[in-house]
Amino acid sequence: MIGLTTVKGSTQNNRRMISRTAIAAMLLSALTAGAAAAADFDADATITIGSLYEPQNLDNTAGAGQGINEAFNNNVYEGLFRLADSGNVEPVLAKDFKVSEDGLTYTFTLQPGVKFHSGDALTSKDVKFSIERVTSAESKSSRKNSLKVIAGIETPDDATVVIKLSSRSISLPYNLSYVWIINDTATNLTATEDGTGPYELADWRRGSSLALTRFDDYWGQKPSNGDVVFQYFTEATALNNALLTGSVDIITSVQSPDSLVQFKDNVDFTVAEGKSTTKLLLAYNDRVAPFDNVKVRKALARAIDDAKLLKAVWGDYGSLIGSMVPPTDPWFIDLTKTDAYDVESAKALLKEAGYPDGFSFTIDTPNYDPHPIVAQFLQTELAKIGVKVTINVITANEWYSKVYKAHDFQATLQEHVNHRDIVFYGNPDFYWGYNNPKVVDLIKQAEASTTTEEQTNRLKDANTIIAEDAASNWLYLYPQIVVSAKSVTGYPLNGLNAQFFAGGIRKAD
Amino acid sequence: MPVIFSYLFRRLAILLVSIVVAAAILFVLLRLLPGDPANALVSVGADPEQIEAARRQVGSDLPLSEQFFRFIFSLARFDLGASFVSHTPVLPEIGKRLTVTVPLTLMAFVLAIAIALPLGIVAAVKSNRWYGSLISVVSQLGIAVPVFWIGILLVTVFAVNLRLFPSGGFPPRGWARPDAAFDALVLPVITIAIVMSASLIRYVRSATQDVLGSDYLRTARALGASFPEALIRHGIRNASVPVISILGMELASTLLGAVVVERVFSLPGLGSMLLLGIEQRDYPNVQGVLFISTLLVLFLGFFADLAQRLIDPRLRDRSGGVAR
Amino acid sequence: MSDTVTIIASTSGRKRRSLTFTIGAFLVGLHIIVGLMTLIWTPFDPGAMSGERLEAASLLHLAGTDRLGRDLFSLIMIGSRIALIVGTGAIVIGGLIGITIGLLAAFASKTLDDVLAAGLDILIAFPTLLLAMLIVASSDGSSLWTAIFAIGIANSAIVARLTRILAKRVLSMDYITASRISGTSWMGVVAIHILPNIWPTLLVNLALQFGLAVIAEASLSYLGLGAPPPNASWGRLLQEAQGTVYTAPLGAIAPGIALVSLVIGINLLADGLRDLADPTRRSRK
C-alpha cells in the first residue's frame, strides 16, 4: 500500500563531482531513510524494489490499481504538482501559478525545457489533454469526481494553462497531483508510456517485474541510480525472503511484523518506519438495522479492544485511531478516547438500544491477510457482549459487486488506503451509507474554503462528528515500514498514496 | 497400418468435439462466477457512472447470448482476445508465460523420471531388502505431502538459511540471462519433482512387479537369459506401456498444476496468470489459458495413446485407453 | 495409483505388509479418536485467546499459540475432525457421481461411451485442484461444504473412469452374456455381477481419493479458497502461520505433520485393503 516520503533533498546534479562530505551532509539534511551510511555510491546502479502491488496495466485512468502509482508517479510521469513524502503539495511541472480573487481561475506557467520520453517538448496542449483524459466519460480515475469542478481549460500560449472552475476548490493543486501529464500524441497507454519523468519504461513482464531506465534528457535533477526494477511478489513471505536472500534491495511496505525480526537484528539491513495513511475499518451498512442505530455502533466500538487486535496483527507496530483521519493530515485530532474499550458500557448501550441479549450479523471478509484473522478476533470479542458474528469470506472482486455496488451487506472489513479520504463520509451514497446532513455540509464547505485554516477547521468538525456517531469502526492505522539492504539509502519513507519516488535512491559502491 | 489410421480419425473427431464442448462449458462456468470483470478496473471512490463505463469497456453489460457468440466467433478465428484488465492480447501473453511454465515442467518431469525409474525398479526387484522397502516408505511420504508445504520448507532451508538459491521471483529479462533464470527455477523444479517422483515410483514399481510375475519373463529366463537381460529386453518394454500413459497424464496435469508452486515462488507462469485471472474475473485470460491447456491436454493424451499403440502390439487393433 | 509391495511375496514380505496395514489403521484410528474427542473436549476453547501472541510450545500449549494467542494444539485437533469430514464428504460425493457416470458409460452405446470417455479424459487431465478452484470460485461465498463439494465433483471423474473400465471388463466376461440372455435386467447385472466384482478395487481407489481430498483442501486454503474461518482446517492453519514461520516455526510445521500423518495412514490402509481385496495378488508367487 502506500508509502510516501520522497527524497527530495537529494539534489546534486552531478554525481561524483561533489565531495564526499558534501554528499554526506546532503544525505543527513535530506532526512531520508537509511540515514547516512553510504559515503559513495554507484551512479549507474540497478535498484531492485520488491513490492506486492503489481499494476494491472500502465494507465491510471484505466483501472491500473494502486501499483501503478508506486511505479510511475514522479518516476515515469509527473504532474503539475506532486504530493511530497512530507504530505505537502509541491509544484513540479507547474513552475508557478496564480489564483484569481474569486478562486475560480487558476493560471499555471509551465516549467521550460521539459521533454517527453519520445522527444517532444511539453506544451500547454499536453496538459489540457491530460486533464481531460481524467475527467472524460471513460475515465476510471479515482480523482474524476474531485475534478468535476473544472469548467474549462484554456491554453493561451504553449507555456500557459488556464483552468476555470465552477466553484471554489481549495484542493485543486492536491487533486492535480493525481493527474499525469502525458504527451497528447501518445497512444496505447495501457502498455506503453510517454511521460516527462526521470525514468522511462524499459520492460514490463506481467506477473513478475517492471523495469525502468534513466531518461537522459530529463529536465530536472538526474536520478542517483541507473535503473530501477520493480519486482512483484504475490505473497508477503516470498517478498521478505527475496530481500533476505539479496534478490531485491528494498521492500516498499512490509506486511507482517514477524518478518522484521530477521532484519532488525541484522547489520546488513535497515528498517525504517514512516507514516501511513492506511486504515483498517469494520464498516457497517449504516442504512440497515441494527446499524442504523448510533447506540449499537457505539456499543460495538466499545466492545472491541483495538489495542489487543493491533498487537495480534502487528506486534509492536502500527497505531490506534479514533476516526478516519490519520495524524499526518492537518485536520487530525486525537479521537481514540471516543468510545474507548469498555465492555460494561457496551453492554449497557446495547440494552438501551433494545438488544439486551445481543444480536447476530455477518461480516463480509476479503480473503486476504489480515482480514480473516481480524474477523476471527472480532468474532471472539463481540461474543463477550452477546453479539454473534458470522464470517463470510469473499474475494476482492466480489466485494466490489456485493458490498461496494449493491450495498448488500451488514458489515465488512476493508483497508482504506488513501490520504484525505474522510470526504467519503460526505457522500450518503457511498457503500457504508452514512448520512449525516451536517457532515455532508461541512465537507462541501471545506472544499469551498478560501483559506486552509477554514478548510482545516471544517474538516476537524466533520471528523469529530463521525467519531461521535461511530459511523464506522476504525480499528487501527497500519504501520508503514520500509526495509532495505544497508547499502541502499535515499528512498521515501511514508509512501503517501502508494507512491515510491526512486530518483534519490543510492546504492553504495 | 489402416487400423491405426481409422483409429486416428476417430480420435481426432472426438478431439474436435471435445474442444468445442470444452469451450462452451468454460464459457458457462466462468459466467457463473459471482463478481464482474469490470470490478478489477475500479477502485474505492468510483461512482456508479464510472462503474458503468468499466462494464461497457469489458462488455459485461451485454446480454449473455451476445457475449457467447462473440466468444465463439473470435475463437473460430483463433483470436483469444485481450485481457480486460491489462488490455494485452491473450495469446502472446500465454506465449510469454510458457517460457516459464514449460521449462519448469519439463525439468521437473525429467528430474522426476530420473529419480523414479531406477528407484521404482529397485523397489520392485528388491522389495525384500530394507532399501527396497525404504524406497516404498519414502514414496508414501512423498505423495502425502501438500506441494505448497514442500515449497515453503525448501525455501526456508535452501534459500533463506543456506542461501543456495533465490527464494522466488523470476529475473526481469527472463531467459536473456539464462543463469539467473535457471537459478530461479531450481527450487520450484525440485518441489514439483519430489511430488511427481513419489507417485511415479509407485507406478514404475507396480508395472515392474506385473512384469516380474509374468509368464514371458519366466519363459525368457528358462530359455537362458540372465535376469537383468530378461528384465531389460522384455520387462522394460512391457512395463513402459502403462507408465507412458501415466507420464502423459502427469505431464499435462503438472503444466496446469503448477499453479500452487508458481504462487509459492512468485513465478510469472501460466498458473499464476490463471489464478489472477480467476480472482479478477478476467474472462479472456482465464478462457485463453484454459482453452490452450485443454488443447494441450487433448493432444498430449492423443500422442500418449498413439505411442502406447506403437509400443504395444497387443493394443494396435483395439480402441480405448488403458487403465491407470 | 498405489499398490503394494507384493509379488515376490515371501513370508517376511507378508509380515511387513501386515505391519504397514497396522500402522495405517493406527494412524487413521488416532485421527478418528481425536476428531471425535474434539466434539466434547479440547485442551482450550479453540476460539479463546488463552495465551499471549505466538507463544512457544510449552506444557500448557503443546504446539504454542497463534497470532491471536489461541491454543494451536486444540486447533490442530479440530483440524483432524475437519480433515475427516472433508475426506469422507469428498469421497461420498465423488463416489456417488463417479460410479453412476462410470456405470452409465459402461452400459451406453459405443458413441456415447466414447464421448463420455473422452470427456472424462479431459476432466482428469485437469488437476483436481484447478477444477475445485473454479467450482469454489463460482459458488456464492465459500464454506466448508463448498470446498468439499468442489473436491468431490473434481474427483468424481477419476472414479467414473475407473468404474467404467472395471465394469467393462466384467461385462466382457462370457458369464455376463449368459446371464443377460437368461433375462437378467441391467440393474440386476449391476447388482449381481458388477458391483460385487469391482467394489474392492473401487474402495481402494476411494481411500486414496480421501487422502488427495485432504491435500486438495489444504491447497485451496493456501490459495485463500478453502474452508473459511473459524474452521480450523490444517491448510488454513498452515497458511496463517506462513507469515510467522521465522518467529514461530512450529505453527508452520505442526499442522503439516498432522496432515501428512493422516494421509499416510489412509494410504497405508488402502494398500492393506487392496491385499485383502485382491486374492490374486495375495497368492501370486
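Predicted model: local features only at pLDDT ≥ 70, side-chain atom pairs only at ≥ 80, totals over all residues.

Reply: Two strands pair if DSSP finds at least two bridges between them. A strand is a DSSP run of E, at least two residues long, numbered from the N terminus.

Residues are numbered from 1 along each chain as its sequence is written, with chains lettered from A and ligands numbered from 1 in the order written. The model scores ipTM 0.83 and pTM 0.85.

Take strand 7 of chain A, residues 160-165. Start with its partners. Strand 5 of chain A, residues 105-110, is joined to strand 7 of chain A by five bridges. These two strands run antiparallel. Find A:Phe108; its bridge partner in strand 7 of chain A is A:Val161.

Now turn to strand 6 of chain A, residues 150-157. Five bridges join strand 6 of chain A to strand 7 of chain A, and this pair is antiparallel too. Here A:Asp157 stands opposite A:Thr160. Look at the link as well: a hairpin of two residues takes strand 6 of chain A into strand 7 of chain A.

Next, the faces. In a regular strand, side chains alternate between the two faces of the sheet. Strand 7 of chain A has one covered face, made of A:Val161, A:Ile163 and A:Leu165. Its uncovered face holds A:Thr160, A:Val162 and A:Lys164.

Notes
Buried ≥ 20, exposed ≤ 12 C-beta atoms within 10 Å, placed from the backbone. Helix = DSSP H or I, 4+ residues; strand = E, 2+ residues; numbered from the N terminus.
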